[in-house]
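Hello, and welcome to my notebook.

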Amino acid sequence: MKTIAALLLLLAMISNSAIAENPGRKKAIRVLLVGGGTSHDFDRWYKQEDVQTLQKGGLATVEYTSDPSTILGKLKDVDVLYLSNNQPIADKATREAIFAFVDAGKGLVLAHPALWYNWADWPEYNQKLVGGGSKGHDKYGPFEVTIIRKHPVTKGVATSFKLDDELYYFKPDAAGTPIEVLATAKAETSDNVFPSIFIVKYPKGRIVGIALGHDAKSHTIEPYQTLLRNAVQWAAGK
């Protein structure tokens, strides 16, 4: 028993020493990541890859769910809601809770599938939270992303980078919440330029839109991972 007591005392001393040496250590950002739906491997690229990206170095603690019915009960315990789903969020109370969450000054990150016009019966989502949306995209292939504005979300990202992905035809809603475009995307075979990374200038909460994210060729590259980590950190007000 004396040996066990001594060991516990030693562990406590080591723990206290570590805390004393890192008094400014930041608390991890609590993130709820919602995926699920069609046309994407949500478990592989969002549940596995993005969770790993965000938890690296203790930046965030991430809970992933593909069940929208669980959102309502979890929002009170998170700092940032990260939506990547294109399956319906049909429950009225959950829809209202998402708006209340952002109205309370919390963070919202909207990635790739969540920027689509998914729900005809919930126009307020695209109009107010997304500031627009996409109804089409280029065939999967190479295109270039160009940073056009300095911002904490784009910090540490090269001025331009190329990747293979679905280039979303994101269009702002003139009657919706204004957006501030931070990066644009342009295909090699077209002169059309579309918003790729942007801030939705919602009056209360912090919202980031990330149009990238179909598969490995986005989720595993450094620019995407840096943008995602920056987006969550900025959305959390850190």
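Is Leu167 buried or exposed? I looked it up, and Leu167 is buried, at a relative accessible area of 2% (buried means under 20%, exposed over 50%, partly exposed in between, using a 1.4 Å probe and protein chains only).

Before going further, I noted the ground rules. This is a predicted model, where local features need pLDDT of at least 70, side-chain atom pairs count only at pLDDT 80 or more, and totals for chains, interfaces and linings use all residues. Residues are numbered from 1 along each chain as its sequence is written, and side-chain values use heavy atoms, with hydrogens and water left out.

**Entry: the whole chain.** I found seven helices and eleven strands in the protein chain (DSSP runs numbered from the N terminus, helices being H or I with at least four residues and strands E with at least two). Of its 238 residues, 49% are buried. I also looked at contacts (heavy atoms within 4.5 Å): among those with a separation of 6 or more, 70% join residues 24 or more positions apart.

**Entry: back to Leu167.** I located Leu167 in the loop between β7 (160–165) and β8 (168–172). Leaving out residues up to four places away in sequence, Leu167 touches Gly136, His137, Asp138, Phe143, Ala185, Lys186, Ala187 and Phe194. From Leu167 to Ala185 I count 18 residues in sequence and 7.0 Å in space, C-alpha to C-alpha.

**Entry: Asp215.** I found Asp215 in the loop between β11 (206–210) and α6 (216–219). Asp215 is buried but has no salt bridge (a side-chain nitrogen of Lys or Arg within 4 Å of a carboxyl oxygen of Asp or Glu). Its nearest side chain of opposite charge is Lys217, 7.0 Å away (Lys and Arg count as positive, Asp and Glu as negative; His and the chain ends are not counted). Beyond four places in sequence, Asp215 touches Trp45, Tyr140 and Asp164.

**Entry: α2 and α7.** At what angle do the axes of α2 and α7 cross? The axes of α2 (residues 42–55) and α7 (residues 222–235) cross at roughly 70 degrees and come within 9 Å (axes are lines fitted to C-alpha atoms, for helices over the stretch in contact, with angles from 0 to 180 degrees between N-to-C directions). That makes α2 roughly perpendicular to α7 (angles of 65 to 115 degrees count as roughly perpendicular, under 35 as roughly parallel, over 145 as roughly antiparallel, and the rest as oblique). Residues of α2 that meet α7 include Tyr46 and Glu49.
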